[in-house]
Amino acid sequence: MRKSCRSSCPLSFFAAASLAVLAATATSGCSDEEFSDEYYGAIDLAPYFFDGSTPSAPTTGLPVNVRPLRGWMNGQRAEYYDFGLVNHVRRRSTAGATLREADYSVPHPMYLFYDVNGNPMFSAPDQDTRSKIWYLRGGKDVPRANPRGDAAKNVPYSVRVRDRKADPSRGNVSDYQRPIVDRINQNTDYSGLWEIYEVKDLTGSYEPDAIKSVDTLQKAIDAKKFEVNRTGLVVDCPLIDARTYVTPSTMRFNAASGIEVPRPRVELWYKTKLGACFLVHGWEVIGGEDGKPYKYKQKAARVDSFDVIRYTIGEGVAARSSVAVPVGKSYQPTVRVANQDPSARSFDLRYGSSFLTDSVPRHLASDPPGYRPIRWLWDVRVAQDPPFEAGALDFRDVNKLDPAQISARDAATTVWTKNFPLIGTAIKCDGPGDDAKCLGGLQCNAYPDSDISLNEAPAGKSMQELTNQRENGPRCDEPQVGFGEYCAPGVARCMEQTPVGSEEDKAIASLLPAVVGPVPTKQVGSMISPDGVATGRGYICSQRGGPGFCTLRCDGALTAPNATSGARVDLTLTFELPSQAAKTTRTETVKPLVDSRCGTRKVKGGGADGTTDFYQMLGYSCQNPSGNSSTKQWVCVRTCSSQDSENKNKALCDYPLVEDSSPLNLSGKLQGVKALSGQRCTAINGFSACSWDPSFEPRPKDQWSWQ
């Protein structure tokens, strides 16, 4: 007999820092069973993404964020995920010769467990309402994705108290068996596609998650402890590393049915090691629209998300069944550029925001076939001059491509294929207020591309014309949130442009004087749109590309006389020294820059002669939040020093916003604010600034009790 150790995946497993915690918890709850495996750590996929890695930094090539990619699907705005190169089988000629053509991919077994009564032993998907991410966890005492309503908020969100995820069909137990696979990225036949094999317990005494490898499972099957049902059903669930985050997309809703199909991050076993895959397509063959998994051998309502070929050769005991998934195509605009080195060849540059395919996944039995997530890569030659424009009408539909300009992106001996699934297509709407067409709390966004609405000159086109070209017009997007509220890609977007005259716009306008030096009316994000119409002011997410909080938006291209001349303001801080045997208080004066781009406020004086005195928001300056953001997407933050003591930074972050400590209106919701409580010194792309910690969102009440 082998000793079984049931493992429970902690809530923070999918962060790299939690791997040590995972190893510690995975050895708990041991019991003796005839067929079981020891836990041998987590899958490390970094060795299979070696581009750019070094011995001292082996994870450099690892994709830590799989973001939605922009493109089109037969005239509709679409988004895709890129899970990298995968294998396939090449087409053969009638004579048996291998051709340079991708034909199909072979799915490999994924074993799902069922109890003696046919009830699933794997968990149902559970969505975290804060991040919009779905999870399908396993192990012992599996928690729900969301904290309890009465859970304390003064601890990080990931470790707040959660109820157990009880399964009523199995007596309300909260222990679940993770699926098992036997392929990984290092295998030459890996594709990320899996054929579902249903494994039923025949003993009635199997302890979930005891078996962690195909080898041990096969021994149990040979001993008649389990029976196996090969379903012929296939899912697309590419393996992802524990450190890889898959960013949600607002196009996750099915545009035809109006349903959000679960796309969970699935915990699984591979040769006794714990890993995960992202179930981008295939829930329809595992469970129903209600989120409940189907029972063992339940046939009704299962729908192939993509094309699957099933065939049998022979009869009776000699019969052999095969399952294959045909390969589709994806197209990308490519320009050939001459090399400046006369001795070198020309090279290809590919535009990364105009991927094109011709089909969508099936969700209902009535949906048409034709969708294939494994893509054979093709280039579409475009002219070097004039430059290719994203969203060009002749590159929205596969049927409109010039056949003379398309060719497979094949090397001398290599045919390239990727697991490149379509997330979904945009749900169109008519403009602000037309939210009835939107689902799941989404809102109609007239200008969903911030690069258009905030940054770009129209090059002879209006802002609306440019939006129609690149985004196919207004579409359903993340809900807007205001100052101090949580923002994250695919979850919530900051109100980048406050409607002129709105309460939000009036709040920001209250920070501005009528005249300030040479740049009247052009501070705190106030600007003129490409249409020549004032867009008002607005907010921006403090962490561009990641979860953060909406703060005042500023224009880094504007002249800031005070900041550039080195003007500073004295802030006197009083704080306790850390690590002192006796309570010791110190008083220091810091001198942050004064930056008029981040708001000024009239406090005394007056008159029309321009001599009015104004005070800036103390210590706030206009900073670039991502290192490459356009100037009109910079943020107004109070900078701090990560090398100072925590207590000193707390005193700085808690300091009043203006010199006379009078209240400010920072948004339509936040009126009469004197200071921003609960902020801490946070690293933001090369600089440190006072900000709230997203790990504590929703925040404790004391962080909303404005002083």
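**Figure 1. The salt bridge between D654 and K650.** D654 is buried because its relative accessible area is 16% (buried means under 20%, exposed over 50%, and partly exposed in between, with a 1.4 Å probe and protein chains only). This is a predicted model, in which local features need pLDDT of at least 70 and side-chain atom pairs count only at pLDDT 80 or more, while totals for chains, interfaces and linings use all residues. Residues are numbered from 1 along each chain as its sequence is written, and side-chain values use heavy atoms, with hydrogens and water left out. The partner of D654 is K650, and their closest N and O atoms are 2.9 Å apart. A salt bridge here is a side-chain nitrogen of Lys or Arg within 4 Å of a carboxyl oxygen of Asp or Glu. K650 is partly exposed, at a relative accessible area of 33%.

Figure 2. Helices (H or I, at least four residues) and strands (E, at least two) are DSSP runs, numbered from the N terminus. R230 has a relative accessible area of 38%, so R230 is partly exposed; E195, at 2%, counts as buried. R310 counts as partly exposed at 39% relative accessibility, whereas D304 counts as buried at 18%.

**Figure 3. Aromatic pairs and a cluster.** A search of the whole structure finds 20 aromatic pairs. Rings of Phe, Tyr and Trp (its six-membered ring) pair if their centres lie within 6.5 Å; planes under 30 degrees apart count as stacked, over 60 as edge-to-face and the rest as tilted. W376 and W378 are edge-to-face because their planes stand at 75°, with ring centres 5.1 Å apart. Both W376 and W378 are buried. The rings of Y486 and F549 have centres 6.1 Å apart and planes at 75°, so this pair is edge-to-face. Y486 belongs to strand β30 (residues 486-487) and F549 to strand β35 (residues 548-554), 63 residues apart. Y486 and F549 are both buried. One aromatic cluster is formed by Y80, F355 and F420.

**Figure 4. Arginines over the rings of Y176 and W692.** The charged end of R170 sits over the ring of Y176, 5.0 Å from its centre. The rule asks for NZ of Lys or CZ of Arg within 6 Å of the ring centre and within 35 degrees of the ring normal. R699 lies over the face of W692, at 4.1 Å from the ring centre.

**Figure 5. The surroundings of T425.** T425 is in strand β26 (residues 422-425). T425 is buried because its relative accessible area is 9%. Leaving aside residues up to four places away in sequence, T425 touches M73, Q76, R77, A78, M251, A255 and V360 (contact means heavy atoms within 4.5 Å).
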